[in-house]
Amino acid sequence: MEWLVIIVTVVVLWVASLFKILHESLSASQVKVLNDGGVFCKRNVLLVIAHPDDESMFFTPTINYLSSRGCNLHILCMSKGNADGIGDVRKEELYLASVVLKVPQKQVKVLDHPDLQDGFGKSWNSKLLSKIIKEEIVNCAIDLVITFDNYGVSGHCNHQDVHQGVRKLLQDTSHKEVEVWELISTSILRKYSGPVDIWLSLLSAKFHLSGVAHCFLNEHPRRSLAAMAQHRSQWVWFRKLFVSFSSYTYVNCVRKIN
């Protein structure tokens, strides 16, 4: 009997969470003030990721939010994900996913630098990353950067290196007009709680103690699945489960880096 109560409770929470996402997508109440004194819209945004499929697995709520607010979104992918020797395939898959996510292919840049190769244990130099990111900011007139936090959601070393590269940029750059935001990593329990995590995410963003944070609900969850499905080389059973049950499919909390 206890198990039945637990199952019913989980199902009710899941349905209520999906209803909340649907409601927000059909209303204007989700518009947030992301910078000090201005609505987060019509910005030139650079999303900095480590591998093809990072954008679809972790950042789609943010990407969908940005697109719907008229932002000009660029994606800078620091490697083509060649750990298994299929980097060229994964690069093309990222271009296909970007179409699904309404990001122009010409605004998606995938690097294949010899010192920035995909793999656990392969450390990326923060000075090199900072230099590359700075060039992209200047060339594309970027005024807002979004990337991983210091844990990198999954703990992958390349995600963490990208964060350190952006941090290095902040330390060295004179581009004070550029805002930088990081995707907040959550506990493993929250990470696999699906849409149910939107309630904790909303609360944590509202009462965030370590700086300014905002929460974006995914206005198009099916688009997230469709985008990840473009990464056919990675679209195996456990990633299908991940995208279905990951809270990052339904909600992103971002925190401003000062």
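Author: In this predicted model, the lining of the largest pocket divides into seven nonpolar, six polar and six charged residues.

Reader: How many residues line the largest pocket, and which lie nearest its centre?

Author: The lining of the largest pocket has 19 residues. Those nearest the centre are D53, M57, F120, H156 and R239.

Reader: Which helices each supply at least two residues of that lining?

Author: Two elements are to be named here: α2, covering 54-58, and α10, covering 237-245, each supply at least two residues of the lining of the largest pocket.

Reader: And what space lies in the largest pocket?

Author: The largest pocket holds about 430 Å³ of space.

Reader: Which residues line the largest cavity?

Author: Its lining is made up of I184, T186, R190, D197, S201, S247, Y248, V251, N252 and C253. The elements that give two or more residues to this lining are α8 (197-206) and β9 (251-256).

Reader: Which element gives the largest share of the lining?

Author: Strand β9 does, with three residues.

Reader: Now the helices. At what angle do the axes of α5 and α6 cross?

Author: The axes of α5 (residues 126-139) and α6 (residues 157-172) cross at roughly 65° and come within 8 Å. Angles of 65 to 115 degrees count as roughly perpendicular, and α5 and α6 are therefore roughly perpendicular to each other.

Reader: Is the crossing of α5 and α6 left-handed or right-handed?

Author: The crossing of α5 and α6 is right-handed.

Reader: Which residues make the contact?

Author: On the α5 side, the contact is made by S126, K127, L129, S130, I133, K134 and I137. Helix α6 contributes D161, V162, Q164, G165, V166, K168 and L169.

Reader: How do the residues of that contact divide into nonpolar, polar and charged?

Author: The contact of α5 with α6 has six nonpolar, four polar and four charged residues.

Conventions
Residues are numbered from 1 along each chain as its sequence is written. This is a predicted model: local features need pLDDT of at least 70, side-chain atom pairs count only at pLDDT 80 or more; totals for chains, interfaces and linings use all residues. Side-chain values use heavy atoms; hydrogens and water are left out. On a 1 Å grid over the protein atoms alone, a cavity is a set of points where a 1.4 Å probe fits but cannot get out, and a pocket is an open set with protein on both sides within 12 Å along at least five of seven lines; lining residues have an atom within 4 Å of a point. Helices (H or I, at least four residues) and strands (E, at least two) are DSSP runs, numbered from the N terminus. Axes are lines fitted to C-alpha atoms, for helices over the stretch in contact, and angles run from 0 to 180 degrees between N-to-C directions. Angles under 35 degrees count as roughly parallel, over 145 as roughly antiparallel, 65 to 115 as roughly perpendicular and the rest as oblique. A crossing is left-handed if the near helix is turned anticlockwise from the far one by less than a right angle, and right-handed if clockwise. Contact means heavy atoms within 4.5 Å. Ala, Val, Leu, Ile, Met, Phe, Trp, Tyr, Cys and Pro count as nonpolar, Asp, Glu, Lys and Arg as charged, and the others, Gly among them, as polar. Grid points are joined across faces, edges and corners, and a volume is the space filled by probe spheres set on the points.
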